[in-house]
Amino acid sequence: MLATPNKLNLLDIVALKTPLSEYNLLAGQVGTIVEILAPEVYEVEFSDDDDQTYAMQALPAHQLLKLHYKPLKTMSNNIHQYGKGDNVAGDKIQGDKNENDFNNATIGFVAQNQAQATVSNLNQTSGASVAELMQLIGNLRQTAAQFPPETHDDIIIDIDDVEVEIQKPEKERNLPKLKKRLVALLTAATVVAAPIAGMTSFTKDVMEIGSKLGIELKLPPVK
């Protein structure tokens, strides 16, 4: 049988069982016994969260409920959910250890999978071949700056679309769209009437991008 010590002592934390409206105190308000006035009569101080006293009242024991913040020692004899027989503590520790090992293993497995996925994604979007492709895109932009104003904007749009697709993971790239944009760049390069420095390199870079992406390109006939 559990012991239920209700004896009140100096500095015990207590709560009001019933409201005391005449003192503006509600049931459940918490105070501290600061003085024992007489047998079963106590001076209780009520303070707010800032330790400011808002009431000091003499109260009989039957109006007070002692608050407990620790389990009774006798409760330790009622632990049955862990272990068997006389090895309650040992089995509980082993059970906790096994559960922690399982949790740690699960966390480690998830972390490893996430790391592998991250590395895989980096290989798809940030590998050497992608770096080379981005270098070729940079070359195209430099030459495109020399195109006539009437074709410059369209060229830049096509280059932007190619760059966006290249930055995607390989399996998510839209190859038909890439081929369409690369063909448009080759066509634009062949119809420009004004001589542009680096035009040969421009078409060569477009062809190389197609080759690295596995897209077969053919130079359009010069008109």
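A salt bridge here is a side-chain nitrogen of Lys or Arg within 4 Å of a carboxyl oxygen of Asp or Glu, and R141, D160 and E163 are linked in a network of such bridges. What you have above is a predicted model, in which local features need pLDDT of at least 70 and side-chain atom pairs count only at pLDDT 80 or more, while totals for chains, interfaces and linings use all residues. Residues are numbered from 1 along each chain as its sequence is written, and side-chain values use heavy atoms, with hydrogens and water left out.

**Confidence**

- The protein chain has a mean pLDDT of 76, with 67% of its residues at 70 or more; pLDDT is the predictor's confidence in each residue, from 0 to 100.
- Residues 117–128 are a stretch to treat with care: pLDDT there is below 50, and the stretch has 11 contacts in the model beyond near neighbours in sequence. A contact means heavy atoms within 4.5 Å.
- Where pLDDT is low, the predicted coordinates should not be read in detail.

**Overall layout**

- Five helices and five strands make up the secondary structure of the protein chain. These are DSSP runs numbered from the N terminus, with helices being H or I of at least four residues and strands being E of at least two.
- Reading from the N terminus, the order of elements is β-β-β-β-β-α-α-α-α-α.
- Of the contacts in the protein chain with a separation of 6 or more, 50% are between residues 24 or more positions apart.
- Buried residues account for 27% of the 223 residues in the protein chain. The cut-offs are under 20% relative accessible area for buried, over 50% for exposed, and partly exposed in between (1.4 Å probe, protein chains only).
- About 15,200 Å² of the protein chain is accessible surface, and carbon and sulfur atoms hold 55% of that. Areas come from the Shrake-Rupley method with a 1.4 Å probe, and for residues only the protein chains shown count as cover.

**Salt bridges**

- The structure has eight salt bridges.
- D12 and K66 pair up through their side chains at 3.3 Å, N to O. D12 sits in the segment before strand 1 and K66 in strand 5 (residues 64–66), so this pair ties together parts 54 residues apart in sequence. Both D12 and K66 are buried.
- K212 bridges to E132, with the closest N and O atoms 2.8 Å apart. That links distant parts of the chain, since K212 is in helix 5 and E132 in helix 2 (residues 128–144), 80 residues apart. K212 counts as partly exposed because its relative accessibility is 37%, and E132 is partly exposed too, at 39%.
- R181 meets D161 at 2.9 Å, N to O. R181 belongs to helix 4 (residues 175–191) and D161 to helix 3 (residues 149–166), so the pair ties together parts 20 residues apart in sequence. R181 is partly exposed at 23% relative accessibility, whereas D161 is buried, with a relative accessible area of 18%.

**A buried threonine and a nonpolar patch**

- T203 is part of helix 5 (residues 199–213), and its 16% relative accessibility is why T203 counts as buried. Leaving out residues up to four places away in sequence, T203 touches L186, A189 and L219.
- L10, L11 and I36 make a nonpolar surface patch with about 310 Å² of accessible area together. Patches take residues with over 30% relative accessible area and no salt bridge, joining like charges within 9 Å and nonpolar side chains (Val, Leu, Ile, Met, Phe, Trp, Tyr) within 5 Å.
- L10 lies in the segment before strand 1 (13–16) and is partly exposed, at 48% relative accessibility.
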